[in-house]
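Subject: Handing over the structure

Dear colleague,

I am passing on the structure below, together with an account of what was found in it. Please keep it open beside this message while you read, so that you can look up each residue as it comes.

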Amino acid sequence: MQATRRHVLDAVADGPISGPQLASRLDISRAAVWKHVEALRDDGFDIKGTADGYLLTGVPEFGGPAVEFGLTAPFDIEYHDNIDSTNDRARTLATSGASEVVVLADHQTGGRGRLDRAWASPSGGVWMSIVCRPDIPPAHAPITTLAAAVATTEAVQNRGVDAGIKWPNDVLAGPAERKLAGILTEMEGEADRVSWIVVGIGLNANIAADRLPEQATSLRLEVGDIDRADLTRDILERFDRFRRTPGDVLGRWEELSWTLGRAVRVSTPTGEIEGEAVDVEFPGTLVIQTDDGTVGVSAGDCDHLRPL
Ligand code: BT5
């Protein structure tokens, strides 16, 4: 949201404030104040004209302005009711130089998982892709994905969900350990430096069971419908904090992990590894104790076998 419009919104949220007061506070004309108020109304904000001035009485349920209102992390939100894939759009923005932008959608028609698997993205979810340019070598990029998994897990736990992380970055929920969220990170870089990273987070929010694959769950199923704008802000603010303090990510990931200490089978491009998941090491390598010794795995699909 444009800076002046954001100031107008903040002021009417603390209102009532009259048009002339707003104009002088923001050093703009009264006509410009009126234009910003009208534009905010078009975005779904309920702004009443009372005898004492403008007053915010309602905010839109979801969308770009709804998320940006009160967001303390430095992201612009590009919202779509419908899009093929937020990651595809974010990649296009990233290759044309954008940064600190989040592409957010209510519904995706071509949502993607890892290895080009399909990702069900009906209306009611939180489907978003964060474009950023961290000053790190490409080999360290997995820590950014872990940060997103930690941020997402904390945010849903905060809303009463029994949630944990399955390595590398699935958020599971409930006693049946169903998949609530998945993360798809894509990047471009040179040998020593990342050029851009797109962190795609797909979170099943206010979605009924019959719109999701069998092994999936949603916030609606776990705790009931939630305020998606508030949740999106919460995830972005947590992600923003963790990317600034990457040293905190692994420890928090370990605390939230449902993989460590479990018997696992990990399918990697070079074969299957079975054993006990004993540790996770920077930037996200899973350490597995097998019958033949310890193995570190940096990528793959993990199945939790019986609890140890
Ligand atoms: C992932 O892949 O878990 C990453 C998913 C990332 C989706 C987000 S949404 C916003 C952004 N834009 C995109 O286009 N993508 C990202 P993976 O670990 O490969 O898991 C994929 C598997 O999860 C599928 O093969 C299904 O078995 C299952 N699945 C599909 N849709 C699901 C859903 N909505 N909830 C839970 N599981 C699902």
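Let me begin with Asp248, which counts as partly exposed because its relative accessibility is 45%, a value that falls between the 20% under which a residue is called buried and the 50% over which it is called exposed. Asp248 belongs to the loop between α8 (228-244) and α9 (249-256), and although 101 residues separate Asp248 from Ala147 in sequence, their C-alpha atoms are 9.0 Å apart in space. Please bear in mind throughout that this is a predicted model.

The ligand

Which residues come nearest to the ligand? Of the 26 residues around it, those are Ser85, Arg112, Arg117, Lys179 and Asn204. When the residues of this shell are sorted by kind, ten are nonpolar, eleven are polar and five are charged.

For Arg117, an N or O atom in the side chain lies 2.6 Å from an oxygen atom of the ligand. For Arg114, a polar backbone atom is 2.9 Å from an oxygen atom of the ligand, while for Ala120 a polar backbone atom is 2.9 Å from a nitrogen atom of the ligand. The ligand exposes 790 Å² when it is taken alone, and the protein buries 88% of that area.

As for its location, the ligand sits in the largest pocket. The elements that contribute two or more residues to the shell around the ligand are the helix α5 (86-95) and the strands β5 (126-132), β8 (178-189) and β9 (194-203), and it is β8 that supplies the largest share, namely four residues.

Backbone features

The bond that joins Gly15 and Pro16 is cis, with an omega of about 5°, and Pro16 has its place in the loop between α1 (3-13) and α2 (19-26). The bond from Phe282 to Pro283 is also cis, with omega near 0°, and Pro283 is in the loop between β11 (271-281) and β12 (285-290).

Asp116 is not a glycine, and yet its phi is positive, at about 60°; the residue is part of the loop between β4 (101-108) and β5, and it is exposed because its relative accessible area is 63%. Glu177 is likewise not a glycine and has a positive phi of about 50°, but this residue, in the loop between β7 (170-173) and β8, counts as partly exposed because its relative accessibility is 27%.

Buried and exposed residues

Is Ser129 buried or exposed? Its relative accessible area is 0%, and therefore Ser129 is buried. Ser129 lies in strand β5, and its side chain is joined to that of Thr86 by a polar contact of 2.7 Å.

Asn169, in the loop between β6 (163-166) and β7, is buried as well, because its relative accessible area is 5%. Between Asn169 and Ala181 there are twelve residues of separation in sequence, and in space their C-alpha atoms are 8.5 Å apart.

Ile207 has its place in the loop between β9 and α7 (219-222), and with a relative accessibility of 1% it too counts as buried. Ile207 and Leu221 are 14 residues apart in sequence, with 7.8 Å between their C-alpha atoms.

Arg25, by contrast, counts as exposed, because its relative accessibility is 58%.

With best wishes

Notes. Residues numbered from 1 in each chain as written. Predicted model: local features only at pLDDT ≥ 70, side-chain atom pairs only at ≥ 80, totals over all residues. Heavy atoms only, no water. Near = heavy atom within 4 Å. Polar contact = N/O pair within 3.5 Å; in protein donor to acceptor, adjacent residues only side chain to side chain. Areas by Shrake-Rupley, 256 points an atom, 1.4 Å probe, with all protein chains shown as cover. 1 Å grid on protein atoms, 1.4 Å probe; cavity = no way out; pocket = protein on both sides within 12 Å on 5 of 7 lines; lining within 4 Å. Sits in = over half its atoms within 2 Å of the grid points. Nonpolar A, V, L, I, M, F, W, Y, C, P; charged D, E, K, R; others polar. Buried < 20%, exposed > 50% of the residue type's maximum accessible area, 1.4 Å probe, protein only.
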